[in-house]
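Work through the exercises below with the model open beside you. Try each task before reading its solution.

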Amino acid sequence: MSDAGDSKAQVNTKAASDDVLLREEIHEEWEQYYLTPEMDRFYDKAFAEIARRLHAPPGAKLLDAGCGYCFHAVRLARHGFAVTGADFSEAALEQARGYLAKVGMADQLELEQANLLDMPYEDGTWPYVNCWGVLMHIPHIEQALRELARVTAPGGKLVIMENNARSLHVSAWDPVLRGIKGLIGRSRPTRQRTPRGVEMWFEKPGGEMLVRMTDIDFMTRFLEQQGMTLEDRFAGQLTEIYTSVPGKPIKRAIQTVNELWVDHVGWAQPAMGNICIYRKA
């Protein structure tokens with residue numbers, strides 16, 4: 001599909017994707033897959049490493065863009081950041097308020113409703129910005145990247161975690177999974193490769209939801225045009241096969257492999273999860 005065709009498809013599908021992300025059901029689904037004790041250990045390690053690599057002074061202001069339920073915002077606050085969580089979903093923010101009260105941090109974090117495509121902040125407001133696993137669901141990724149770069153202060157740093165379109169998971173596991181689904185007659189998401197990466201549309205309550213495996217080189221080149229330079233890149237999860245296989249023992253074994261990759265390898269290029277740190281000139 002041409003770039004013009006891609007842009008038209010983005011316009012036509014943005015509302016459907018937004019409708020899905022505004023619903024509680026999708027956040028509950030993410031809890032089931034990504035908020036397990038095994039994943040908590042991974043997240044704790046990942047955000048400890050992010051904090052270490054940022055070299056931020058105590059009390060540094062940080063915007064968690066697309067904060068969801070604030071699980072990661074709390075991790076960043078515990079590493080000494082003064083965190084403001086922003087999300088466009090009021091359903092997510094309501095859950096976040098409950099979570100912050102539960103962990104005794106309701107007075108330590110601020111919450112604001114904000115759309116990543118048009119954030120209500122002045123240019124250069126934030127010395128640190130975090131955006132974890134959010135851009136993959138946004139059809140207009142270019143506008144979101146512009147906004148993230150715009151609100152980052154000169155000399156500030158932007159942390160982005162996205163799934164890597166050139167990972168082993170995407171090149172090896174995804175074709176196998178699609179083949180299996182075809183053989184057993186299960187529906188498969190619409191899939192296309194674009195300059196932004198591999199984009200798939202999943203049927204969800206409320207409509208279709210985009211899941212993009214991002215071309216990290218594309219993202220880096222685009223942010224360079226916004227005055228940002230890739231300073232660091234390291235591995236998140238090696239694979240998310242655990243979301244597609246049955247049985248807790250198998251899921252836990254795969255998540256153990258992910259932990260070992262993060263702890264002892266750290267090579268980003270083959271890994272599905274890539275954590276990138278950009279510095280603004």
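Helices (H or I, at least four residues) and strands (E, at least two) are DSSP runs, numbered from the N terminus. This is a predicted model: local features need pLDDT of at least 70, side-chain atom pairs count only at pLDDT 80 or more, and totals for chains, interfaces and linings use all residues. Residues are numbered from 1 along each chain as its sequence is written, and side-chain values use heavy atoms, with hydrogens and water left out.

**Exercise 1. Describe how H3 and H9 pack: what is the angle, and how far apart are the axes?**

Step 1. Read the geometry. Axes are lines fitted to C-alpha atoms, for helices over the stretch in contact, and angles run from 0 to 180 degrees between N-to-C directions. H3 and H9 (residues 248-264) pack at about 10°, and their axes are 10 Å apart.

Step 2. Name the arrangement. H3 is therefore roughly parallel to H9. The classes are: under 35 degrees roughly parallel, over 145 roughly antiparallel, 65 to 115 roughly perpendicular, and the rest oblique.

Step 3. Name the residues. H3 brings Glu38, Met39, Arg41, Phe42 and Lys45 to the contact, and H9 brings Arg252, Gln255, Glu259, Val262 and Asp263.

Step 4. Sort them. Three are nonpolar, one is polar and six are charged. Here Ala, Val, Leu, Ile, Met, Phe, Trp, Tyr, Cys and Pro count as nonpolar, Asp, Glu, Lys and Arg as charged, and the others, Gly among them, as polar.

**Exercise 2. Examine the largest nonpolar core: how many residues has it, and which element supplies the largest share?**

Step 1. A nonpolar core is a set of buried Ala, Val, Leu, Ile, Met, Phe, Trp, Tyr and Cys residues joined through side-chain atoms within 4.5 Å.

Step 2. Count it. The largest core has 41 residues. Ile50, Leu54, Phe81, Val83, Leu109, Trp132 and Ile275 have the most contacts inside it.

Step 3. Trace the sources. Elements that each supply at least two residues include H3, H4, helix H5 (90-102) and strand S10 (273-280). H3 gives the largest share, eight residues.

Step 4. Look elsewhere. Apart from this core lies another, of 30 residues, with Leu63, Leu135, Leu148 and Ile216 among them.

**Exercise 3. Study H4: how many of its eight residues are buried, and what do they pack against?**

Step 1. Count. Seven of the eight are buried, so H4 is mostly covered.

Step 2. Name them. They are Phe71, His72, Ala73, Val74, Arg75, Leu76 and Ala77.

Step 3. Find the neighbours. These buried residues pack against H3, S1, strand S2 (82-87), H5 and S4.

Step 4. Look past the end. Just after H4, glycine 80 has a positive phi of about 100°.

**Exercise 4. Locate methionine 228: which strand holds it, and what separates its C-alpha atom from that of lysine 280?**

Step 1. Methionine 228 is in strand S9. At 1% relative accessibility it counts as buried.

Step 2. Give the distance. The C-alpha atoms of methionine 228 and lysine 280 are separated by 4.4 Å, while the two residues are 52 apart along the chain.

Terms used: Contact = heavy atoms within 4.5 Å. Buried < 20%, exposed > 50% of the residue type's maximum accessible area, 1.4 Å probe, protein only.
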